[in-house]
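Student: I have a protein structure open on my screen, and I would like to learn how to read a few of its features.
Tutor: Then let us look together.

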Amino acid sequence: MYIYLDDSGNIDGEKGNLYLWLGFSIKSGSKRLEEKLNEVFSDFTYDEKDGELKGSKATFEQKKEVFERLASWDNLRISYLVVDKSIVTEAQSKFVKDTDSRKKEQSENYFLSKVVSRLAVPYEDATDKKVVLYIDGKAGRGKESEVRLHEYLTLRINFPKWNKDQFAWNNFGVNYVQEKNNRLVQTADFLANFVLEHYKLMYYKEKKNKLEICRSFELYSIIEDKIYHKIYGFPNISLV
């Protein structure tokens, strides 16, 4: 299994209402899916400063093309967690207050694990016990951080409530990806940015444009059947 992840919004930042982790998983065929997505991405232009087309700068038509390619892939799952930052306490956003290098990273890993544990539910006919995570960005503390996250997520996915058949992922890898134009990680960025903006539009924008709403729902409908699990936390309701 291969899982591609990205976050959007700053968990302890003052700007923006929401914080999100999103990922999608495929059982196999990562190279073939990458080629399929590259057929779309290779036609896009982008700002040389960014080095790649970011989801935040993509047009409606570009997002639609990417999402349609993704939705056509069998056995693909999408999962996300979106949280109103006003209900995230300081204890949740800064687990270790007196250690600058770890406090935010720990909280991000906690919310990330909720998405990963959902995506890591084995497929019905799963035989291969290898799962590899690709996370957009870089680890806050280099290799030490990767090892710590590896150990934490291994615990989270191998001892969940659903694990009644003693299924265990015995080959688990975590990779931080910083290269530009990695099509699978770039797609995770497209998805994360879109879902965050969709929730902002639906629940936080006071003046809504009808066309904007219609387009957002059109894009969401393309990926909706692939959404395996979603977790959300808002002031009036929380499933976090």
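The dialogue that follows takes up a helix pair, some aromatic rings and one histidine.

Tutor: This is a predicted model, in which local features need pLDDT of at least 70 and side-chain atom pairs count only at pLDDT 80 or more, while totals for chains, interfaces and linings use all residues. Residues are numbered from 1 along each chain as its sequence is written, and side-chain values use heavy atoms, with hydrogens and water left out.

Student: At what angle do helix H6 and helix H7 pack?

Tutor: Two packed helices are described by the angle between their axes and by the distance between those axes. Here helix H6 (residues 183-203) and helix H7 (residues 210-224) pack at about 135°, with their axes 10 Å apart; the axes are lines fitted to C-alpha atoms over the stretch in contact, and angles run from 0 to 180 degrees between N-to-C directions. Helices (H or I, at least four residues) and strands (E, at least two) are DSSP runs, numbered from the N terminus. H6 and H7 are therefore oblique to each other, since angles under 35 degrees count as roughly parallel, over 145 as roughly antiparallel, 65 to 115 as roughly perpendicular and the rest as oblique.

Student: Which residues of H6 and H7 make the contact?

Tutor: Contact means heavy atoms within 4.5 Å, and the residues involved include Phe-194 and Tyr-199 of H6 and Phe-217 and Tyr-220 of H7.

Student: How are the rings of Tyr-199 and Tyr-203 arranged?

Tutor: Rings of Phe, Tyr and Trp (its six-membered ring) pair if their centres lie within 6.5 Å, and planes under 30 degrees apart count as stacked, over 60 as edge-to-face and the rest as tilted. A search of the whole structure finds 13 aromatic pairs. In one of them, Tyr-199 and Tyr-203 have ring centres 5.9 Å apart and planes at 20°, so the pair is stacked.

Student: Is Tyr-199 buried or exposed?

Tutor: Buried means under 20% relative accessible area, exposed over 50%, and partly exposed in between (1.4 Å probe, protein chains only). Tyr-199 is buried, with a relative accessible area of 7%, whereas Tyr-203 is exposed, at 56%.

Student: Where is His-229 placed?

Tutor: His-229 belongs to strand S6 (residues 227-234) and is partly exposed, with a relative accessible area of 30%. Leaving aside neighbours within four places in sequence, His-229 is in contact with Ile-78, Ser-79, Tyr-80 and Arg-118.
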